[in-house]
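Dear colleague,

Please find the structure below, together with its sequence.

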Amino acid sequence: MIEIKNCSKAFGKIQAVNKVTMDIGEREVFGLIGSNGAGKSTLLRIMAGIIRQDRGEVLMDEEPVFENERIKEHFFYIPDDAYIPANCNALDMAEFYRCIYPGFQQARFETMMKQFHLDGKRKISTFSKGMKKQLLVILGISTGTKYLFCDETFDGLDPVMRQAVKSIFASEIMSREFTPVIASHNLRELEDICDHIGLLHQGGILLSRDLEDMKFHIHKIQCVLTDKKKEEELKKELEVLKTEHQGSLLLITARGTRREIMEKIQAKNPLFCEVLPLTLEEIFISETEVAGYEVKNLFQ
Ligand SMILES: Nc1ncnc2c1ncn2[C@@H]1O[C@H](COP(=O)(O)OP(=O)(O)OP(=O)(O)O)[C@@H](O)[C@H]1O
């Protein structure tokens with residue numbers, strides 16, 4: 001488990017990370033989301049022990065990360081601008097990481113290279129951006145580390161590749177202790193991969209929630225009520241986030257489980273009532289509106 005406790009980091013006058021407290025659980029795909037400059041890369045670099053926080057603590061399996069050689073064997077970090085030496089091919093890279101990570105799985109590496117149709121002998125400098133990202137993920141998984149930190153690694157990967165990475169993550173999580181942490185400025189890139197989302201805004205954490213849990217606790221219902229008084233009663237009885245009218249249809253977005261909400265609406269004897277699917281964008285808008293945070297840019 002990774003515990004981030006009241007962690008802050010400033011660069012001169014810029015407060016890149018501001019009192020972040022957040023836990024990253026075991027065996028879940030954790031998405032770190034935030035708009036440009038929100039502090040994602042800085043937080044990942046602190047978690048990878050590349051820079052030290054000014055205040056607070058970052059513990060990986062109860063040990064501090066910075067200048068802790070032993071703990072470095074437990075994670076693999078893929079920076080946004082990963083350096084790959086010129087003339088190097090994928091097999092050279094695998095050999096390099098084999099020396100650093102004692103648990104490097106060569107057979108797994110070769111299988112994934114085939115699965116992704118990547119040529120191990122070809123110079124990496126001739127790879128496309130997406131191919132380089134795939135290779136870095138393959139190398140990261142092959143190291144067999146418990147944690148994998150990916151900075152913008154999935155942005156721009158095509159859907160087929162994303163699906164392939166997603167299923168590799170799922171099988172790793174099933175078969176061993178494995179927790180990928182993925183930073184992105186685009187929630188759409190993460191929504192089908194992540195189990196948990198931490199939303200960073202201006203260096204601070206706005207929310208950290210399980211995606212399934214979020215979907216379970218917000219619902220949108222459309223119904224037709226027989227009179228306006230019942231609508232007013234419902235607004236008091238439910239934790240309503242939003243109401244809209246479309247002719248005689250009333251659309252209610254409310255916090256609560258489907259059952260809790262439906263029971264209260266059914267008690268008003270509606271002429272018609274059904275639950276509508278909520279998009280992740282609608283859920284995030286509802287969850288973050290209190291903080292006045294504009295989530296639309298995370299969905300572009
Ligand atoms: N080495 C540095 N020196 C000065 N300022 C920095 C440095 N690194 C980051 N910052 C600043 O800290 C803030 C957070 O940057 P960071 O790279 O962590 O954001 P980010 O969420 O990863 O953004 P992006 O999505 O654009 O990559 C920004 O205002 C950035 O300009």
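This is a predicted model: local features need pLDDT of at least 70, side-chain atom pairs count only at pLDDT 80 or more; totals for chains, interfaces and linings use all residues.

The domain assignment places domain 1 at residues 2–210 and domain 2 at residues 217–299.

Where the two domains meet, 11 residues of domain 1 are in contact with 9 residues of domain 2. On the side of domain 1 that touches domain 2, the elements giving two or more residues are helix 7 (187–190), strand 9 (196–201) and strand 10 (204–210). The residues of that side comprise 5 nonpolar, 4 polar and 2 charged.

The protein chain as a whole may be described as follows. It holds 11 helices and 14 strands, and its C-alpha trace spans about 75 × 45 × 30 Å along its principal axes. Of its 300 residues, 34% count as buried.

Why is helix 1 described as largely enclosed by the rest of the structure? A residue counts as buried if 20 or more other C-beta atoms lie within 10 Å of its own. By this criterion 8 of the 8 residues of helix 1 (residues 40–47) are buried, so the helix is largely enclosed. Among them are the charged residues Lys40 and Arg45, as well as Leu43, Leu44, Ile46 and Met47. Helix 1 is followed by Gly49, which has a positive phi, near 70 degrees.

With kind regards

Technical notes: Residues are numbered from 1 along each chain as its sequence is written. A residue is buried if 20 or more other C-beta atoms lie within 10 Å of its own, exposed if 12 or fewer, and partly exposed in between; C-beta atoms are placed from the backbone. Helices (H or I, at least four residues) and strands (E, at least two) are DSSP runs, numbered from the N terminus. Domain bounds come from an automatic or database domain assignment. Two residues are in contact if their C-beta atoms, placed from the backbone, lie within 7 Å.
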